[in-house]
Amino acid sequence: DLPRDHGAHPETRTEWWYATGLVTDDAGHRYGFQITFFRQGLSPEAPEPGSSRLRARQIAAAHLAVVDIDAGKFHHAERLRRAAGGLAGWSETDLDVWLEDWTMQRTDDDAVAIRARDPETGIGLELELRPEKALVLHGNAGYSQKGASPGNASAYLSWTRLSASGSIEVGGSTTEVSGGAWFDHEWGTSQLGTGVAGWDWFSLRLEDGRDLMIYRLRRADGSADPFSSGTVVAADGGTSRLARDDVGIEALEWWDSPASGGRYPVRWRIEVPAHGIDLDVRGLLPASELDGSATTGVVYWEGPIDAIGSARGEGYAELTGYAGSLEGLF
């Protein structure tokens with residue numbers, strides 16, 4: 001139900017609004033960016049009469065990251081606030097989420113406006129993301145099942161191909177940029193099934209006009225859970241669902257984090273034979289680990305990727321559960 005479902009769903013436990021992209025400045029300098037707003041429900045019950053409006057019933061967190069690809073530098077900042085007293089919040093009727101002065105809003109013509117700056121780290125985004133394809137509903141009309149029980153699921157929708165324009169700040173210096181982006185919105189209460197330690201998630205915009213989303217739910221032994229899935233988005237916006245056995249993912253190279261001890265794959269062969277997709281995918285900066293332990297409690301890898309092979313492409317990958325299992329957290 002749009003635009004209502006662009007907004008928050010506080011009756012569920014976990015929700016996030018997420019945007020990534022690859023942009024270039026006039027000098028040809030290339031950057032990756034990520035911004036994610038998280039909503040976490042602490043209690044499903046209604047507030048008791050007379051209870052303080054400042055009591056934390058919903059928590060807001062946000063992660064901001066800028067990858068200076070040419071310089072080989074990964075920068076990130078994070079924030080955590082209670083959703084009370086005006087410190088953070090969200091609309092329940094449309095995309096409008098904020099955490100202090102970090103904001104993400106949908107405009108009347110479906111652009112996503114992002115404003116975020118962290119003075120301490122010297123990074124920031126002021127971007128407009130404009131969809132070039134229709135909104136995609138993953139899974140069964142937006143119901144993305146991730147486990148055997150009915151509740152092991154999320155509602156999941158995306159703009160898989162957006163133009164990005166505006167400015168990016170790194171090291172306190174701001175430059176005008178343009179490029180491409182991806183937007184996700186996902187919400188649910190007990191998303192992962194028993195035994196799932198984490199996931200490998202890929203988003204790719206291919207030069208042939210197709211977009212590819214894959215998530216491999218990874219079990220403790222490294223095997224892919226049966227509820228792993230994905231979506232191929234055609235150039236005209238049509239979608240095809242992918243099951244676990246439709247996708248082959250082989251890790252080719254690894255990076256060891258000196259901070260967490262996690263060992264992450266950073267290059268892959270990804271195959272979707274039924275769609276003629278055979279790609280060599282690599283992380284553009286192996287050292288792209290984001291330590292979110294102070295906000296979400298999760299340490300994960302999130303970085304820009306590119307692809308060659310049956311088609312060239314670019315996008316982002318997210319790898320969780322390599323620096324500690326996520327079982328029971330989602």
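**View 1. I114 and its bridge partner in β9.** In this predicted model, I114 has L127 of β9 as its bridge partner. The strands involved are β8 and β9, the latter covering residues 123–131. They run antiparallel and are joined by 7 bridges.

**View 2. The hairpin of β8 and β9.** Between these two strands lie 4 residues. Look for G122 here. Its phi is positive, near 75 degrees.

**View 3. β8 and its other neighbour, β7.** Strand β7 spans residues 102–106. It pairs with β8 in the antiparallel sense, over 4 bridges. The hairpin of β7 and β8 has 5 residues between the strands. Within that hairpin, D110 takes a positive phi near 70 degrees.

**View 4. How covered is β8?** Strand β8 runs through residues 112–118. Is this strand mostly covered or mostly open? It is mostly covered, with 5 of its 7 residues buried. In a regular strand, side chains alternate between the two faces of the sheet.

**View 5. The second largest pocket.** This pocket holds about 180 Å³ of space. Its lining is made of 13 residues. Nearest its centre lie R30, R205, E207, G313 and E314.

**View 6. What lines the second largest pocket.** Which strands each supply at least two lining residues? They are β12 (153–170), β22 (298–309) and β23 (313–319). The largest share, 3 residues, comes from β22. By class, the lining counts 8 charged, 3 nonpolar and 2 polar residues.

Technical notes: Residues numbered from 1 in each chain as written. Predicted model: local features only at pLDDT ≥ 70, side-chain atom pairs only at ≥ 80, totals over all residues. Heavy atoms only, no water. 1 Å grid on protein atoms, 1.4 Å probe; cavity = no way out; pocket = protein on both sides within 12 Å on 5 of 7 lines; lining within 4 Å. Points joined across faces, edges and corners; volume = space filled by probe spheres on them. Nonpolar A, V, L, I, M, F, W, Y, C, P; charged D, E, K, R; others polar. Buried < 20%, exposed > 50% of the residue type's maximum accessible area, 1.4 Å probe, protein only. Pairing = 2+ DSSP bridges.
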